[in-house]
Amino acid sequence: MPRFPTRPIARLGGHNGIVHVVAYSSGSSDFILTGSSDRTIRLFNISRAPVDSKVPNAGLVKKFSAHGHEVLSIAVSQGNDKFISTGGDKTVFFWDVATAQTLRTWRGHGGRVNACAFGGEDESVVVTGSWDGTVKIWDVKSNNPKPIITLNDAKDSISDVCVFDADIISGSVDGRVRHYDLRMGMCNIDAIGHPVTSLAVTKKGTETLVSSLDSTVRLMDRDNGQLLKAYRDESFVNTDLKIKSTLGLNDSVVVSGSDNGMVYAWDLLEGEVLHKFNHSERQEVKGKKPSAPTSGKKDVVSAVAFCKTRQEWASGGGDGDVIVWGAE
């Protein structure tokens, strides 16, 4: 396994609220998009934001302002020239990066839109999941303001969605992960038993990483719904807030934020904790540490993202900062 990145190398600041989402750019992944409860999206050049910089908004390239409420999700196109964002205003925005203008907006959800993803051939569709319990599919190439498909099987809020080939995967507060095969018209359901907060699919597409509100991250077999591995720690807390978990280092590690300001990294196969980090203090925590006392949403680490091209990852928290971690 490659050495896990443990050194803070950049600080992306300026948000006046919780950072709900962190997304690396496609390709060389030199840029990061961040979305916050302050209703703004920020684009940063990582190399221009050293962790000890005293310059306000160091590394900030562009600011995107259209949301009327908190920004909850971002998905970047493979071409890097477009991205989508969703949030508390029940609206899906389709952005042009160069002009910082919206190319299209879609409305139709009955509540905040918690998640989004590109899908289809040449990213011809956008998939969104909402507090209203529905997953909607929107046609990027059409001027039709209405969704082309609405999936309404969930019994509670949709917390996350992801796309793999022609499959759409949704996680819900009803404790279910639903796998939709649109070509076959089938839906397979994995019962997690606790509200789902986050989803990620392995590169092979054969497993799904699922976070839920019982302080557990699970690796599930997509074919038969079998639990392959559970990731826990005595100090890992996720019982109240929506947090993100992800895969990194060629799917050899699991990384997750937490309710209590910590970030955890597990070995995917063995399930053992490799590293723990205090986000706001920007340092690795050595040895066993009891659960940190929480004092509300400012302590949460709600967003993590792993770079696909380098040994590097980022964490976003309730303090409004995004910390980028690199190899020694």
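Thr 40 sits in strand S4, which spans residues 40–45. The model is predicted. A search of the whole structure turns up 17 aromatic pairs.

**Thr 40 and its surroundings**
- Thr 40 has a relative accessible area of 9%, so it is buried, as buried means under 20%.
- The Thr 40 side chain makes a polar contact with the side chain of His 15, at 3.4 Å.
- Leaving aside residues up to four places away in sequence, Thr 40 touches His 15, Thr 34, Gly 35, Lys 63, Phe 64, Ser 65 and Val 71.

**Aromatic pairs: how to read them**
- Two values describe a pair of aromatic rings: the distance of the centres and the angle of the planes.
- The search of the whole structure gives 17 such pairs.

**Phe 4 and Trp 313**
- The ring centres of Phe 4 and Trp 313 are 6.0 Å apart, and the planes meet at 45°, so this pair is tilted.
- The pair links distant parts of the chain, 309 residues apart.
- Phe 4 lies in the segment before strand S1 (7–12), while Trp 313 lies in strand S28 (residues 312–317).
- Phe 4 is buried, at 6% relative accessibility.
- Trp 313 is buried too, at 1% relative accessibility.

**Phe 94 and Trp 106**
- The ring centres of Phe 94 and Trp 106 are 6.1 Å apart, with planes at 25°, so this pair is stacked.
- Phe 94 belongs to strand S8 (residues 91–96) and Trp 106 to strand S9 (residues 101–107), 12 residues apart.
- Both Phe 94 and Trp 106 are buried.

**A ring cluster**
- Phe 4, Phe 277, Phe 306, Trp 313 and Trp 325 are joined into a cluster by ring pairs.

Technical notes
Residues are numbered from 1 along each chain as its sequence is written. This is a predicted model: local features need pLDDT of at least 70, side-chain atom pairs count only at pLDDT 80 or more; totals for chains, interfaces and linings use all residues. Side-chain values use heavy atoms; hydrogens and water are left out. Rings of Phe, Tyr and Trp (its six-membered ring) pair if their centres lie within 6.5 Å; planes under 30 degrees apart count as stacked, over 60 as edge-to-face and the rest as tilted. Helices (H or I, at least four residues) and strands (E, at least two) are DSSP runs, numbered from the N terminus. Buried means under 20% relative accessible area, exposed over 50%, partly exposed in between (1.4 Å probe, protein chains only). A polar contact is a pair of N or O atoms within 3.5 Å; within protein, one must be able to donate a hydrogen and the other to accept it, and residues adjacent in sequence count only if both atoms are side-chain atoms. Contact means heavy atoms within 4.5 Å.
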